[in-house]
Amino acid sequence: RKKYIWWDATQRQWTGYDVPDFPVAKAPDTPPDPQGTGIDAHSGADPFIMMADGKGWLYVPSGLKDGPLPTHYEPEEAPVSNGLYGQQTNPVGKVWRRGRQRLIALGDARFPFVITTYRLTEHHTAGGMSRWLPWLAELQPQGFVEISPALAQEKAIANGDWVVVSTPRGAAEARALVTDRLQPLKIRRRLVHQVGMPWHFGWQGLATGGVANNLTALVADPNVSIHESKAFMCDLRKGRLPR
């Protein structure tokens with residue numbers, strides 16, 4: 001009933017709603033080649049080609065600092081407590097506590113909104129190079145912050161108004177883009193608003209705007225140091241930064 005890819009005995013090939021990423025003519029009863037390498041060493045019932053034994057794993061026996069079983073952690077800054085696991089945040093996550101680094105405590109009413117960062121299709125990779133190119137700068141000429149119509153109404157913000165996003169690390173100003181793309185979430189009987197801010201703007205170049213890097217905390221994944229900047233907390237107000 002829930003099949004996605006299956007062996008067609010009549011056609012002698014794997015078929016289904018997706019394209020198999022293993023040999024399509026390798027039947028499920030094909031034994032592994034004891035002298036084979038790579039996929040040849042997998043039987044026809046071991047299709048996970050990225051694993052040494054071809055089998056799907058629920059755990060990682062070595063190599064992870066926060067394994068072996070995956071679980072859910074909230075970001076270092078979150079609007080709610082972890083509802084799936086007793087540990088709120090990753091106990092071995094990398095947190096750099098220096099300079100202006102200040103983390104927002106759970107439930108801090110001064111920073112009630114979840115902020116997420118992202119790249120723009122119209123700018124190539126990071127803003128450091130793309131905002132200097134006239135063609136790309138014309139496609140995205142100014143920094144902006146996406147907010148939902150509900151949050152815009154709550155804060156008396158109109159589309160195109162100047163807004164200031166702030167965290168304990170810093171503040172950034174940009175134009176408001178009021179859009180249905182971002183919707184408030186109902187979490188634990190509480191309405192949580194989201195704010196979206198692209199990476200691609202800075203204080204120099206043809207396309208300028210508030211710097212998202214001024215807002216983020218210095219937090220990273222313990223294994224490969226991926227920056228935890230997709231979800232943290234902030235405040236938002238109408239207006240501009242003082243000059």
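The notes below cover backbone geometry, aromatic pairs and charges over rings.

This is a predicted model, in which local features need pLDDT of at least 70 and side-chain atom pairs count only at pLDDT 80 or more, while totals for chains, interfaces and linings use all residues. Residues are numbered from 1 along each chain as its sequence is written, and side-chain values use heavy atoms, with hydrogens and water left out.

**Backbone geometry**

- Most residues other than glycine have a negative phi, and most peptide bonds are trans.
- Gly 67 and Pro 68 are joined by a cis peptide bond, with omega at about 5°.
- You will find Pro 68 in the loop between strands E2 (13-16) and E3 (94-95); strands (E, at least two residues) are DSSP runs, numbered from the N terminus.
- Arg 12 is not a glycine, yet its phi is positive, near 55°.
- Arg 12 belongs to the loop between strand E1 (5-8) and E2, and its relative accessibility of 49% makes it partly exposed (buried means under 20% relative accessible area, exposed over 50%, and partly exposed in between, using a 1.4 Å probe and protein chains only).
- Arg 188, also not a glycine, has a positive phi of about 55°.
- The loop between strand E8 (185-187) and strand E9 (190-192) holds Arg 188, which is partly exposed at 48% relative accessibility.

**Aromatic pairs**

- Searching the whole structure gives 7 aromatic pairs; rings of Phe, Tyr and Trp (its six-membered ring) pair if their centres lie within 6.5 Å, and planes under 30 degrees apart count as stacked, over 60 as edge-to-face and the rest as tilted.
- One of them joins Trp 6 and Tyr 17, and it is edge-to-face because the ring centres are 5.2 Å apart and the planes meet at 75°.
- Trp 6 sits in strand E1 and Tyr 17 in the loop between E2 and E3, so this pair ties together parts that are 11 residues apart in sequence.
- Trp 6 is partly exposed at 25% relative accessible area, whereas Tyr 17 is exposed at 62%.
- Trp 7 and Trp 14 also form an edge-to-face pair, with centres 5.6 Å apart and planes at 65°.
- Trp 7 is buried at 18%, and Trp 14 is buried at 15%.
- Tyr 4, Trp 6 and Tyr 17 make up one aromatic cluster.

**Charges over rings**

- Lys 3 has its charged end over the ring of Trp 6, 4.5 Å from the ring centre (this requires NZ of Lys or CZ of Arg within 6 Å of the ring centre and within 35 degrees of the ring normal).
- The charged end of Arg 240 sits over the ring of Trp 162, 3.7 Å from its centre.

Conventions: Helices (H or I, at least four residues) and strands (E, at least two) are DSSP runs, numbered from the N terminus.
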